[in-house]
Amino acid sequence: MNLMEKFGPLAAKESIRQFSQPRCYEFAGKEFNFVVDTGEETGHYQLRFIDKQQLEWSKEGSEPNTTAYECRKSDDDTYLLTYNYEGKEPRENHTWVIDMENELVTFLRCALGENPMWPLLVDSHFGFGFIQFEGKEHTDIRRHGFTNDVTGTAVRWTYGNSLATVHVYHDPHWYRIGYPVGENRSADGASGIRALMMEMPSSDEPCYYVKIKEGMYLVSCTEQNLEKLLGARFGFRSDTLCFLDNWKQLISVGRAFGTWTKEGEDKPLLMMIGKYGSQVEVEERFFTDPIPYLI
């Protein structure tokens with residue numbers, strides 16, 4: 001029996017979810033107080049993990065909200081936690097990086113409906129803070145924060161046995177899709193998604209880079225230009241993808257949030273992602289070509 005022939009196509013159907021890390025249940029039954037004192041989303045947040053599937057969260061002064069959650073680990077001490085704001089319309093997603101090593105947190109709030117010109121566009125808002133433990137004062141003034149450390153990097157990320165892409169981090173606020181040296185980039189025979197992307201002026205999309213600690217970065221990109229120029233034709237509508245990249249091991253955990261349009265119907269999207277990285281060589285122009293969406 002050839003197991004690859006039997007199971008390979010089934011695994012490939014998982015797409016970017018195929019290499020997602022196992023779910024993490026370590027927080028079940030625990031409570032946390034997060035103090036976000038830097039950035040847009042400042043405030044005191046309480047998270048109570050009811051069990052392995054649900055948590056209750058609240059911001060000081062607001063009513064608790066109960067919702068399903070997903071949690072993954074990027075190393076022994078760093079967690080990516082994500083959940084939707086249950087019942088809120090337009091939809092909203094909360095994602096936390098919980099850094100137990102340094103007792104710090106990064107909060108990413110992604111919301112639809114903030115741009116009246118593009119109702120499905122996702123906007124991202126960041127806050128940085130610390131974990132408040134009962135009876136213990138947090139005296140460290142350091143926080144996670146935006147960085148340009150990643151600029152100048154190209155990496156091939158593999159999401160599944162038949163799915164990989166090259167990310168080029170060429171600017172502190174943008175990223176683009178690249179191709180290895182010598183690869184034929186013709187649209188002939190390309191997949192539907194790839195052929196559509198080749199209609200774009202470029203693959204550039206806005207991106208945020210946050211340093212969590214040495215060798216660990218949160219990378220959050222949103223397909224805003226694809227939404228504005230291709231819309232429902234592309235299918236994935238302004239999806240925001242955030243990845244907790246572990247460069248010491250070249251592995252990553254992440255989540256996708258946004259809208260998926262199929263046969264004219266808009267469906268909410270929230271899925272977990274896994275990938276691993278490998279070295280790749282790209283042409284220098286992928287680092288130097290201008291961004292056509294900017295003056």
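Some ground rules to begin with. Because the model is predicted, local features need pLDDT of at least 70 and side-chain atom pairs count only at pLDDT 80 or more, while totals for chains, interfaces and linings use all residues. Residues are numbered from 1 along each chain as its sequence is written, and side-chain values use heavy atoms, with hydrogens and water left out.

Let's start with the backbone. Most residues other than glycine have a negative phi, and most peptide bonds are trans. Here, Glu-89 and Pro-90 are joined by a cis peptide bond, with omega about -5°. You'll find Pro-90 in the loop between β5 (78-84) and β6 (92-99); helices (H or I, at least four residues) and strands (E, at least two) are DSSP runs, numbered from the N terminus.

Ser-238 has a phi of about 50° and belongs to strand β15 (residues 236-246). Are they buried or exposed? Glu-103 counts as buried at 19% relative accessibility, and Ser-238 is buried at 0%. For those terms, buried means under 20% relative accessible area, exposed over 50%, and partly exposed in between (1.4 Å probe, protein chains only).

Now, the largest pocket. A pocket here is an open set of points on a 1 Å grid over the protein atoms alone, where a 1.4 Å probe fits, with protein on both sides within 12 Å along at least five of seven lines; lining residues have an atom within 4 Å of a point. The largest pocket holds about 1200 Å³ of space, a volume being the space filled by probe spheres set on the points, which are joined across faces, edges and corners. Its lining has 41 residues, with Ile-16, Leu-163, Thr-165, Ile-193 and Met-197 nearest the centre. Which strand gives the most to that lining? That would be β11, with five residues. By class, the lining has 22 nonpolar, 10 polar and nine charged residues (nonpolar is Ala, Val, Leu, Ile, Met, Phe, Trp, Tyr, Cys and Pro; charged is Asp, Glu, Lys and Arg; polar is the others, Gly among them).

A quick stop at Val-219, in strand β14 (residues 216-222). Val-219 is buried, at 2% relative accessible area. Leaving out residues up to four places away in sequence, its contacts (heavy atoms within 4.5 Å) include Tyr-169, Cys-207, Leu-241 and Asp-245.

Finally, the rings. There are 23 aromatic pairs in the structure. Rings of Phe, Tyr and Trp (its six-membered ring) pair if their centres lie within 6.5 Å; planes under 30 degrees apart count as stacked, over 60 as edge-to-face and the rest as tilted. Take Phe-128 and Phe-146: their ring centres are 5.3 Å apart and their planes are at 85°, so this pair is edge-to-face. Phe-128 is buried at 4%, whereas Phe-146 is exposed at 51%.

Lys-275 lies over the face of Trp-157, 4.1 Å from the ring centre, and Arg-285 lies over Phe-286 at 4.3 Å. The rule is NZ of Lys or CZ of Arg within 6 Å of the ring centre and within 35 degrees of the ring normal.
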